[in-house]
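Subject: Structure handover

Hello,

Here is the structure for you to look at. Please open it first, then read the notes below.

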Amino acid sequence: MDMNSFSPMMPTSPLSMINQIKFEDEPDLKDLFITVDEPESHVTTIETFITYRIITKTSRGEFDSSEFEVRRRYQDFLWLKGKLEEAHPTLIIPPLPEKFIVKGMVERFNDDFIETRRKALHKFLNRIADHPTLTFNEDFKIFLTAQAWELSSHKKQGPGLLSRMGQTVRAVASSMRGVKNRPEEFMEMNNFIELFSQKINLIDKISQRIYKEEREYFDEMKEYGPIHILWSASEEDLVDTLKDVASCIDRCCKATEKRMSGLSEALLPVVHEYVLYSEMLMGVMKRRDQIQAELDSKVEALTYKKTDTDLLPEEIGKLEDKVECANNALKADWERWKQNMQNDIKLAFTDMAEENIHYYEQCLATWESFLTSQTNLHLEETSEDKP
Amino acid sequence: MEQAPPDPERQLQPAPLEPLGCPDAGLGAAVSKEAAGAGEEDSGVDTMTHNNFWLKKIEISVSEAEKRTGRNAMNMQETYTAYLIETRSVEHTDGQSVLTDSLWRRYSEFELLRNYLLVYYPHIVVPPLPEKRAEFVWHKLSADNMDPDFVERRRIGLENFLLRIASHPILCRDKIFYLFLTQEGNWKETVNETGFQLKADSRLKALNATFRVKNPDKRFTDLKHYSDELQSVISHLLRVRARVADRLYGVYKVHGNYGRVFSEWSAIEKEMGDGLQSAGHHMDVYASSIDDILEDEEHYADQLKEYLFYAEALRAVCRKHELMQYDLEMAAQDLASKKQQCEELATGTVRTFSLKGMTTKLFGQETPEQREARIKVLEEQINEGEQQLKSKNLEGREFVKNAWADIERFKEQKNRDLKEALISYAVMQISMCKKGIQVWTNAKECFSKM
């Protein structure tokens, strides 16, 4: 990829316009450009893992330099995501690709898997960069710029694993309570998320299935053309016709291959990202509910005078602010997310339709030129026969 | 055997061929050719004018198929399909056709007709029947003989069979064929009365037997190789085609699932809802379009299958030649050995082994009178043998000449038909592509409006 002219706005592959996100901020003032590439395998005595090169170019003042190059592994991305969720529990954090594919026998170091993951990681960072709030997150900056050892030492700070686990347990316990007092608009949001999740999962499965069927069709077609060549060996008078048919079939075969790759670049990653997004959204709802639950339990305590109530009003005040902040943040981000989702889905399916149109147009041209050549031949022959 | 028709002079006009792939095939072959598929109208007319000795023209069609139940030879109830054969004669002047005969036949009667033709015309490449059971099916297609689509395609195949015979310069004149079209009752008895089963050389059916023929006509050996290759390559092609059809079906049908999900999704979307809903509809249209597409392709497969079965007919002619040649060589060998025996008896030298020779050695010499008698017998046999050999030779040469003439005719027919079939395949693909472009263009519009 040309390093001088890249930007997350430019498609990373001819048909993939996965990074075209519209946002309310002025698109012209984009000042942070990130790429993820060059996966590399590292072997140590304990383990083998892949790192990805991350190049950042920026004109922002808070960055020490205008260009950074670092190497990160999947674990590092996980860490970053965790930190972002911690800092902004009710913002819609972009999803990470899965740890490993559960279904199918895909090895962690399979080329296709690595490439798919690389693209998803690239998307992940760019979505953060485009997010009006997350783009200024400190951990994000460190992720993009720190050297390996710097990152390690930075990671060690902050709440440890145990305390984070404790938080999760409390979250699960209190989230149920939060659901009961959920405001109307968040009930609607939750319904939408549930249904959306169902539908997008189905669409993901259907799309994968289509890819699989197209692949199997392609595999059979590959055999089909050559049989006509074989046949032409025993038919003197039909040699040309048979060979022409064979070449038409082969060309349609190639067109199918192109259609398949278009599907896998334009549609599948987008749909899959939104499957992950839907899981993410459910997490966000839970966290919002949990924050509300904290408030509700304090209010309850005050109402029923269960514990020492002196400090409660002050705590409640803080919690009320917290809840209001969280709700507002979510509401704003929700609108933004919905808008992006519509655009992304629309684009992905329009691309798929375009791929199919192109495929059929190519095949049409192939067979039409075959017909023309046959008709021309026929006209030649009949004109020769005329006395 | 009585001739049933009112006009004993009436002859059959060879009806021109209707290509299988043409959707009008079911409506009968009009003599005034207009419904041909892509290509060869002219050659159809040419064939006609060459054979145009006859005064009246006829049209043959297998116009209907009906399920029937009856009792079979073992008095058990069976279900079978009967086919209506209609024969029309076309008036020269105004081109109007009049229905002259109409009767019902079942598949087994067609088989009987063909078996008869094979025996009486061994030098002719006899047109094959459509398959008895559905083969080379892709999984969605039924392998059931009672399936309406299969019955329909078989109806077309049987019509094609009759048209091929009717347009063959020699076969069309056969009386049994004529009676097949006109004599409903008693036809089976009439055929069997010809005694053709007795005439049939059982060795022709023995496919695995090889005859050590020393001097086969090279053209027939080559033809046999060709027919083997033709059979093998068309089988292969049909098998792969069936698999491709299967896969294509899968691709189209899965898209139908989008329709349902889009529709459900549109219920929760305010802005995207309409676009999703209508796009979903187009996905349904796309998914269901494959059924017609593949049904059309079955007709193409049937055209290829006809030539797959023709390979067998070619082999039958080659086989007949082989057998004749074998018989000839055996007869010549037998004659030569008899001549030698005769010579040895006359001169007293024993070079060839014979049982008589052995017994004479063991039990004493025979008398001169006995020897004279034997020589006389042998001389008679030798005379007979020479006559037979002469006539066999003649027969053989006639056979080769006639067979080869028909084979040349067949080759031209095959080249025309296969070319037309391949062209019709291209036409089908074009139609499929146009439908695809239409549907996806509509879908794209819906998506872009979301």
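Domain bounds here come from an automatic or database domain assignment. Chain A is divided into domain 1 (32–155) and domain 2 (184–382). Taken over C-alpha atoms, their centres are 23 Å apart.

Two points on conventions. This is a predicted model, where local features need pLDDT of at least 70, side-chain atom pairs count only at pLDDT 80 or more, and totals for chains, interfaces and linings use all residues. Residues are numbered from 1 along each chain as its sequence is written, chains are lettered from A and ligands numbered from 1 in the order in which they are written, and side-chain values use heavy atoms, with hydrogens and water left out.

Now the interface. In domain 1 of chain A, 19 residues are in contact with 21 residues of domain 2 of chain A (contact means heavy atoms within 4.5 Å). The two domains bury about 1,700 Å² between them, 58% of it on carbon and sulfur atoms. Buried area is the accessible area (1.4 Å probe) that two parts lose on being put together, summed over both.

Across this interface the rule finds 3 salt bridges. A salt bridge is a side-chain nitrogen of Lys or Arg within 4 Å of a carboxyl oxygen of Asp or Glu. A:Arg127 forms a salt bridge with A:Asp344; their closest N and O atoms are 2.9 Å apart.

On the side of domain 1 that touches domain 2, α2(A) gives the most, with 4 residues. Helices are DSSP runs (H or I, at least four residues), numbered from the N terminus.

Best wishes

Key
Helices (H or I, at least four residues) and strands (E, at least two) are DSSP runs, numbered from the N terminus.
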